[in-house]
Amino acid sequence: MKLDVGAVFRVQDGSLIKFFCAFLGYGFFSDTLRNSEKHWLRRYLGKTRYMLAGAKTFFLNRAYPGYISYRPAAEAGPDGYPDEGLTCRQNCPVCSEVGEKKSSTSAFSFSGTSDEEQEWQTLDGRFTNVIAVSLCCKSEKSPKGLAPTSHCGDGCLDLLFVKKLGYFRLLNYLISTSRGIGPRSVLGENLHACRAYELVFRSKKPPLDGQLDTPEVTPTESSTIWNCDGEIVQEPDIHVKIYCQLIDIFGSGLESS
């Protein structure tokens, strides 16, 4: 089967930082990773450290400012996205159709976009969670995944922007995710979800046209790190691109239940 691959670049100079094949997160999940990476926790507690780090992150309940630009995919998800829609399965028709289009159309670029450019959209505010996934990211803690209708090879990023939550809403979100309940039904207006080809995230307001760019940003109290497939990315301001069906792996996809 073929998998999409995401690439993370620095906003300041466009240099490549990392590739990822599943998950990119900023906020709750990245803070949990940072809190779990303390030496004494890794040495003595093993996987248990993630539970302790998650509890600490929950009680701190931080939200970070974000100035976001994204180029939406040509085909948006249904009204109930990302909870509702066709899930990715073995011989997935969505991924197969994209693969056929990619192989037969020269206008279909390496990043999964066509000649028809989509207009960039912007969003800003304070966010508890910013998530970009190229898979649904199922796990023991999330039976249906963070984005249940994400596809392995559709050439799109599934973006979830979770606005600042109180303790009760945050706890409800975490418990519901662990029970396989989709984020849309739990968060409602606190969730902005979409499919996109590219994402630009800044922790500070970008300069206006004609102004000098801001100096390189390092994580501070008003910003945090990124969790990139379980690895730390220190640079808060990033540009993310998705590359359609870039690699082949030995597998057939999820079997239909």
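Started with the largest cavity: its volume comes out at about 60 Å³. This is a predicted model, so I'm keeping that in mind for everything below. I counted cavities of 30 Å³ or more and got one.

Phe-28, Asp-31, Asn-35, Thr-57, Leu-60, Asn-61, Arg-62, Thr-128 and Leu-170 line it. Which elements give two or more residues to that lining? H1 and H3 do. H1 has the largest share, with three residues. By class, I noted three nonpolar, four polar and two charged residues in the lining of the largest cavity.

H1 had come up, so I checked its cover. Is H1 mostly covered or mostly open? Mostly covered: seven of its nine residues are buried. I wrote down the buried ones in H1: Phe-28, Ser-30, Asp-31, Thr-32, Leu-33, Asn-35 and Ser-36.

The largest pocket holds about 1100 Å³ of space. It is lined by 26 residues, and the closest to its centre are Phe-29, Thr-32, Tyr-50, Ser-139 and Lys-141.

Which helices each supply at least two residues of the lining of the largest pocket? I found helix H1 (28-36), helix H3 (49-60) and helix H5 (167-178). H3 gives the most here, with six residues. So much for the elements; by class, the lining of the largest pocket has 14 nonpolar, eight polar and four charged residues.

Last, I zoomed out to the whole protein chain. I read off six helices and 10 strands. What share of the 257 residues is buried? The buried part is 47%. The accessible surface comes to about 13400 Å², and carbon and sulfur atoms account for 53% of that. I also looked at contacts between residues at least 6 apart in sequence: 79% of them join residues at least 24 apart.

Conventions: Residues are numbered from 1 along each chain as its sequence is written. This is a predicted model: local features need pLDDT of at least 70, side-chain atom pairs count only at pLDDT 80 or more; totals for chains, interfaces and linings use all residues. Side-chain values use heavy atoms; hydrogens and water are left out. On a 1 Å grid over the protein atoms alone, a cavity is a set of points where a 1.4 Å probe fits but cannot get out, and a pocket is an open set with protein on both sides within 12 Å along at least five of seven lines; lining residues have an atom within 4 Å of a point. Grid points are joined across faces, edges and corners, and a volume is the space filled by probe spheres set on the points. Helices (H or I, at least four residues) and strands (E, at least two) are DSSP runs, numbered from the N terminus. Ala, Val, Leu, Ile, Met, Phe, Trp, Tyr, Cys and Pro count as nonpolar, Asp, Glu, Lys and Arg as charged, and the others, Gly among them, as polar. Buried means under 20% relative accessible area, exposed over 50%, partly exposed in between (1.4 Å probe, protein chains only). Contact means heavy atoms within 4.5 Å. Accessible areas come from the Shrake-Rupley method with a 1.4 Å probe; for residues, only the protein chains shown count as cover.
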